[in-house]
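Reader: I have not seen this structure before. Please take me through it in questions and answers.

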Amino acid sequence: MSTQTAKHKVEQVETVTIRFVGDSGDGMQLTGTEFTKANALAGNDLATFPDYPAEIRAPAGSLFGVSGFQLSFGANEVLTPGDQPDVLVAMNPAALKTNLADLRHGGMLIVNAGAFTESNLEKANYKSNPLEDPALQSNYRVVLVDMNKLTEAALEGTGLSSKEVARCKNFFALGLMYWLYSRPIDPQLASIKRKFAKKPEFAEANAKVFMAGHVFGETSELFHERYQVPASKLAPGTYRNVTGNFATALGFATVAQLTGRTVFLGSYPITPATEILQEMAKFKEYGVVTYQAEDEIAGIGSAIGAAFGGALACTSTSGPGLALKSEMMGLAVITELPLVIVDVQRGGPSTGMPTKTEQADLLQALFGRHGESPMPVIAAQSAADCFWAAIEAMKIATKWMTPVLLLTDGYLANGSEPFRVPSPDELPKLTVKYQTEKNYANGTQYMPYLRDAKLIRPWAIPGTAGLEHRVGGLEKDALSGMVSYDGNNHEKMVLTRAQKVRNVVEDVPDVEVFGEKRGELLLVSWGGTFGSVRGAAEALQAAGKKVSHVHLRWLNPLPKNLGEVLGSFKKVFVPEVNGGQLAFYLRGMYPGVDPLQYNRINGKPIKIHDLVAKVSEAL
Amino acid sequence: MSTNGQTVTAALPVYTKKDFESGVDPRWCPGCGDYSIINQIQKTLPSVGVKRENIVFVSGIGCSSRFPYYMNNYGMHTLHGRAPSFASGLKVSRPELQVWIMTGDGDALAIGGNHFIHAMRRNLDMKLVMFNNRIYGLTKGQVSPTSELHKKTKSTPDGSPDYPFNPPLLALGAGATFVARAIDVEGVHMGGVLKAAAEHKGSTFVEVFQNCPVFNDGAYTFITEKANKAEAQLRMEQGKPLLFGKDNKKGIRIDHQRGELEVVVLGENGVTEKDILVHDATREDPTIAFMLAGLADKAGFPTPIGVFRNVQKPTCEEMTWEMIDAAKAKPGAGQLTKLLAGNDTWTIK
Ligand SMILES: Cc1ncc(C[n+]2csc(CCOP(=O)(O)OP(=O)(O)O)c2C)c(N)n1
Ligand code: SF4
């Protein structure tokens, strides 16, 4: 469908994927985030994927300093930030070099031609100017714009230094995209004003450059058409755009509000988990206390101390920090105190690729502690789902008196998507009760390890007269919690703790099969690959393939019906952003099941297209 | 303070030492200095004016760290070196509790060195009592960070090449607002130090020289033996001149030329009591506290015991809750619907 405006045809498109790439100093993350907001406000469903280097400011123009922001928005459900960009906005030669291969054949390439200077070409290892390569023109729709010069022209006479002028050019690109995708400009102009409220001269400059980009689209004759992506059919409601880390923080703050109890976060900064701490620090008014500890060990230690004191305690980290916390997790298991440990997975081992995503902490989450120390493990499936997962993890921890490990990953943590704001009555009921009465021998004694039918022990907190007791890392007597070296008692306690964690299965919903209940092949995913795998399943089903999909939110305990579901398919296929950890786990848990695998460990989410190809081969 | 703990309203029960005994018999070796420390703690607590259920003992790992099991309070026996981290989370979230940290020299200063200095610098109101036997007791006799240079132990059969920490210096350097030293066999004095520690609001470090008769017997006889005591100990008492020795004839004076402390004898070279440094632990500037703490390492000087420093500063938990209370007091604060929706929303019909 297309309509005619004054000068340009307006074409309707269902889904678009755009990638902005430039130097880490070029403001690509800001450009991407701002454009995301515009599309969210226009009612599109969307998903984003920021991809930036570990260096804060790599040398300008260098290949390893390229920073990118991809977003996909559409009129239909958007499950991932997209496999291949339809539009690539490249601000310099290095950005072009590292990203061009991803651009869809025939896609639109918008290039800041002004940045293609000899020295920049050299830094990007180009022998000749790629813009002069005839293949470029024949493979893509190339739009060359000297954004440097146009930005300078727009800001002539403003008195800004040339460095300050150069920093505005990302707003030129943004203005151009607003024009191309027919977005109203007023909200953006207002947003610029707000953003630079303290420096009105920059607000004015950026607004000018933004407008220059917009007008350029209209007048330059370089574009034959504009596009319009209609609002999506998202469920009615109020929406906001959230990243995974923000949603996690929001989930915990919501728990404080639902229970009226203090939520305590003890944490130490680490990419890509840091924002959870930063965001929760802003939630003081909601009953959140944050404590930036001296290291990860102290982060979880402070949380366990706070849990002993009756707070709803959590700690957030990424792989290297999780490794440091493992001795502490053992203590949380044996003291049976409620605690949520959030692990935002990233590329490992060791420092690995801190800004890139991975799903390789699964086995550590399940088994990475000394001794027999099981704990429930949950994984969030999308940025917005981090909200629900955080609430669920805290609910399980406090109900069952156990530490709970919540897995997210760098892709979810930084990526964003629309979050339908729930009304309070859609939230789970959460009540936290402390033991206030003596519970043994006709109410004359308190036994901290006297369990109920579900094997849950009571939670008595300091300040409660008559229930004074000690907890600690030494094995406890099964009743009094006093130190016990009795081997039989130890065995009993090990088995009891394990059984208690197994009992949590009563709160684990059965997996739902997407597609036919039995068939040729079952895709099994967990955590942040949900969108890609579901997208692949949809594509395969649309092509008439007998492929179904289950997604695991619960890794321990596994859902009751999972074994039966796995057994209902001829083949089980597990795609993961790791070397095959879930596949390994399923083999151990369900003898006879031997999943096929598809593993990517390149720091990027799985592409729907690639997965469809792999599954088709396996069929 | 708006915390989720109970506030104390009822009058304080009258406690005796027995109220603080858990009924579990301590399992330290016969003659261990730890007995004396627990004895003094249990004797002191009835007079500090805090309800038994509002007192929490947190410990790490080591002989000394078994302490909480023997106390009839709330207690956590945690991980080697990490007690300050648990105590910090507990104290920040429940400021109304009185939190004690019971630790050893290895526990606090080796594996826990990082947590130790940060607990001191933050000025959380926690009372850290370090049992210093200059050896690893529980693991049966290896050097600790306070063992003397060249010390022969099971892990250093040819003598240790490591210089030791001076714990009060370390605590002062880390910013502790209360720093003191006591000796296991000087029970009455230790009781006084512990009482002052209990009453201090802020990061509190008490080093107790503790004899380990099994692995490091006699580590402190140089100052505890009757014959040496008067010459070897310098009792620091608030507002009193720093005198020591037989008949209190010796004193500590500031040598202004060299900027050091020196030992002088009353009546010699015209020295009178007016020349002697008067002890004042409440000096904001820690320089003199540092000088006094440093004496323990200097030949020819007595070892100071008592309170080196006792100054008042806002605590970390107070400041934390001031911020929280201020945030909660803002108009419209703390509404669930506002939290969920935030500022930038859009609506789909
Ligand atoms: C992570 C860890 N490392 C090592 C140990 C072994 N360990 C237990 S106590 C201790 C030293 C205790 O010495 P100190 O703190 O001086 O206490 P003491 O037993 O002398 O009272 C060591 C090394 C442990 N429990 N945990
Ligand atoms: S080993 Fe030493 S410190 Fe430990 S209990 Fe025995 S005497 Fe006391």
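Reader: How many helices and strands does chain A have?
Author: This is a predicted model. In it, the secondary structure of chain A amounts to 22 helices and 23 strands.

Reader: What is the radius of gyration of chain A, and what does the globule rule give for 619 residues?
Author: Chain A is as compact as a globular protein of its length, because its radius of gyration is close to the value of the globule rule. Along the principal axes, its C-alpha atoms fill a box of roughly 90 × 60 × 45 Å.

Reader: What share of the residues in chain A is buried?
Author: A residue counts as buried when its relative accessible area is under 20%. Of the 619 residues in chain A, the buried ones make up 62%.

Reader: How many helices and strands does chain B have, and what is its radius of gyration?
Author: Chain B contains eleven helices and twelve strands. The globule rule gives 20 Å for its 349 residues, and the computed value is close to that, so chain B is as compact as a globular protein of that length. The C-alpha trace spans about 95 × 45 × 45 Å along the principal axes. The radius of gyration of chain B is 23 Å.

Reader: What percentage of chain B counts as buried?
Author: The cut-off is again a relative accessible area under 20%. Among the 349 residues of chain B, the buried part is 56%.

Reader: Which UniProt feature covers residues 25-213 of chain A, and how far apart are the ends of that span?
Author: An unreviewed UniProt entry gives these residues the annotation "domain: Pyruvate/ketoisovalerate oxidoreductase catalytic". The span is 43% helix and 16% strand. Its end C-alpha atoms are separated by 19 Å.

Reader: Where in chain B does UniProt place "domain: Thiamine pyrophosphate enzyme TPP-binding"?
Author: The span in question is 33% helix and 20% strand, with its end C-alpha atoms 17 Å apart. The feature comes from an unreviewed UniProt entry, which places it at residues 61-208 of chain B.

Reader: Which residues surround ligand 2, and how many of them are nonpolar, polar or charged?
Author: The shell consists of Trp28(B), Cys29(B), Cys32(B), Cys63(B), Asn133(B), Gln210(B), Cys212(B), Pro213(B) and Phe215(B). Cys and Pro count as nonpolar here, as do Trp and Phe. The shell therefore divides into seven nonpolar, two polar and no charged residues.

Reader: Which residues form the aromatic cluster in chain A?
Author: Over all chains, a search of the whole structure finds 29 aromatic pairs. One cluster is formed by Phe20(A), Phe35(A), Phe73(A), Tyr178(A), Tyr181(A), Phe210(A) and Tyr227(A).

Reader: Over which rings do the charged ends of Arg457(A) and Arg534(A) sit?
Author: Arg457(A) has its charged end 4.7 Å from the centre of the ring of Tyr449(A). For Arg534(A) the distance to the ring centre is 4.0 Å, and the ring is that of Phe514(A).

Reader: What is phi of Asn125(A) and of Lys140(B)?
Author: Most residues other than glycine have a negative phi. Asn125(A), in the loop between α3 and α4 of chain A, is partly exposed at a relative accessible area of 49%. Lys140(B) lies in the loop between β4 and α5 of chain B. Phi is positive in both, near 60° for Asn125(A) and near 75° for Lys140(B).

Reader: How far apart in space are Leu169(B) and Phe290(B)?
Author: Leu169(B) belongs to helix α5 of chain B and counts as partly exposed because its relative accessibility is 27%. In sequence, 121 residues separate Leu169(B) from Phe290(B). From C-alpha to C-alpha, the distance is 6.1 Å.

Notes. Residues are numbered from 1 along each chain as its sequence is written. Chains are lettered from A and ligands numbered from 1 in the order in which they are written. This is a predicted model: local features need pLDDT of at least 70, side-chain atom pairs count only at pLDDT 80 or more; totals for chains, interfaces and linings use all residues. Side-chain values use heavy atoms; hydrogens and water are left out. A residue is near a molecule or strand if one of its heavy atoms lies within 4 Å of it. UniProt positions are given in the numbering used here, feature names are shortened, and annotations may be inferred rather than shown by experiment. Helices (H or I, at least four residues) and strands (E, at least two) are DSSP runs, numbered from the N terminus. Rings of Phe, Tyr and Trp (its six-membered ring) pair if their centres lie within 6.5 Å; planes under 30 degrees apart count as stacked, over 60 as edge-to-face and the rest as tilted. A charge sits over a ring if NZ of Lys or CZ of Arg is within 6 Å of the ring centre and within 35 degrees of the ring normal. The radius of gyration is taken over C-alpha atoms; the globule rule is 2.2 Å times the number of residues to the power 0.38. Buried means under 20% relative accessible area, exposed over 50%, partly exposed in between (1.4 Å probe, protein chains only).
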